[in-house]
Amino acid sequence: VSACEKAKEWRAALQLLSQQDHRDTIICNSAISACEKCIEWRWALRLVASMQEFSVQPDVISCNAAISACENALLWRWAIQLQPSSADSVAIAAMLSACEKGQNWTLTLELLSLHRLT
């Protein structure tokens with residue numbers, strides 16, 4: 001799945017993921033990242049939402065990849081909704097970029113104020 005991510009083969013990544021008997025966070029994150037790189041934001045969101053069905057908890061990498069997929073698709077509203085409770089600098093930067101690309105300057109300033117990036 002990781003090779004599919006690097007090759008930007010999101011369909012192949014999803015196919016391989018569906019064939020796995022054991023799914024873990026690393027395999028799921030690779031598939032989410034493959035979707036993110038190809039701006040397949042719907043699939044990225046679906047994968048994050050379905051991880052718990054496989055008894056896998058999304059982590060900060062899962063959320064960051066999905067946020068970046070939304071950012072790349074200019075979907076700032078979705079990016080903001082995915083904000084993890086412990087957002088790291090990557091997630092915050094992607095959310096800020098999504099708001100900036102969507103020309104939502106008010107929310108961009110609110111996020112900056114809320115997270116006080118240094």
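Biologist: In which loop does Leu 74 lie?

Modeller: Most residues other than glycine have a negative phi. In this predicted model, Leu 74 has a positive phi of about 60° although it is not a glycine. With helices (H or I, at least four residues) and strands (E, at least two) taken as DSSP runs numbered from the N terminus, Leu 74 is placed in the loop between H5 and helix H6 (76-81).

Biologist: At which pLDDT do side-chain atom pairs count in this predicted model?

Modeller: Residues are numbered from 1 along each chain as its sequence is written, and side-chain values use heavy atoms, with hydrogens and water left out. Totals for chains, interfaces and linings use all residues, whereas local features need pLDDT of at least 70, and side-chain atom pairs count only at pLDDT 80 or more.

Biologist: Where does Lys 8 lie?

Modeller: Lys 8 is not a glycine, although its phi is positive, at about 55°. Lys 8 belongs to the loop between H1 and H2.

Biologist: Which residues does Ala 66 touch, not counting residues up to four places away in sequence?

Modeller: Ala 66 is in helix H5, and its relative accessible area of 0% makes it buried. Contact here means heavy atoms within 4.5 Å. Not counting residues up to four places away in sequence, Ala 66 touches Ile 32, Ala 44, Leu 45, Val 48 and Leu 82.

Biologist: How do H5 and H7 run relative to each other?

Modeller: Two packed helices are described by the angle between their axes and the distance between the axes. Axes are lines fitted to C-alpha atoms, for helices over the stretch in contact, and angles run from 0 to 180 degrees between N-to-C directions; under 35 degrees counts as roughly parallel, over 145 as roughly antiparallel, 65 to 115 as roughly perpendicular and the rest as oblique. The axes of helix H5 (residues 60-72) and helix H7 (residues 89-101) come within 9 Å and cross at roughly 15°. H5 and H7 are therefore roughly parallel.

Biologist: Which helices do the buried residues of H3 pack against?

Modeller: Helix H3 (residues 25-37) has 13 residues, which at 1.5 Å a residue should span 18 Å, in agreement with its end C-alpha atoms, 18 Å apart. H3 is mostly covered, with 10 of its 13 residues buried. These buried residues pack against helix H1 (2-6), helix H2 (10-19), helix H4 (41-50) and H5.

Biologist: Which residues is Ser 33 in contact with, leaving aside its neighbours within four places in sequence?

Modeller: Ser 33 lies in helix H3 and counts as buried, at 11% relative accessibility. Leaving aside neighbours within four places in sequence, the contacts of Ser 33 are Glu 5 and Ala 65.

Biologist: How many nonpolar residues are in the contact of H3 with H4?

Modeller: The axes of H3 and H4 come within 8 Å and cross at roughly 160°, so H3 and H4 are roughly antiparallel to each other. Ala 31, Ile 32 and Cys 35 of H3 meet Trp 43, Ala 44, Leu 47 and Val 48 of H4. Ala, Val, Leu, Ile, Met, Phe, Trp, Tyr, Cys and Pro count as nonpolar, Asp, Glu, Lys and Arg as charged, and the others, Gly among them, as polar. On that division the contact of H3 with H4 has no polar residues, no charged residues and 7 nonpolar.

Conventions:
Buried means under 20% relative accessible area, exposed over 50%, partly exposed in between (1.4 Å probe, protein chains only). The expected span of a helix is 1.5 Å times one less than its number of residues.
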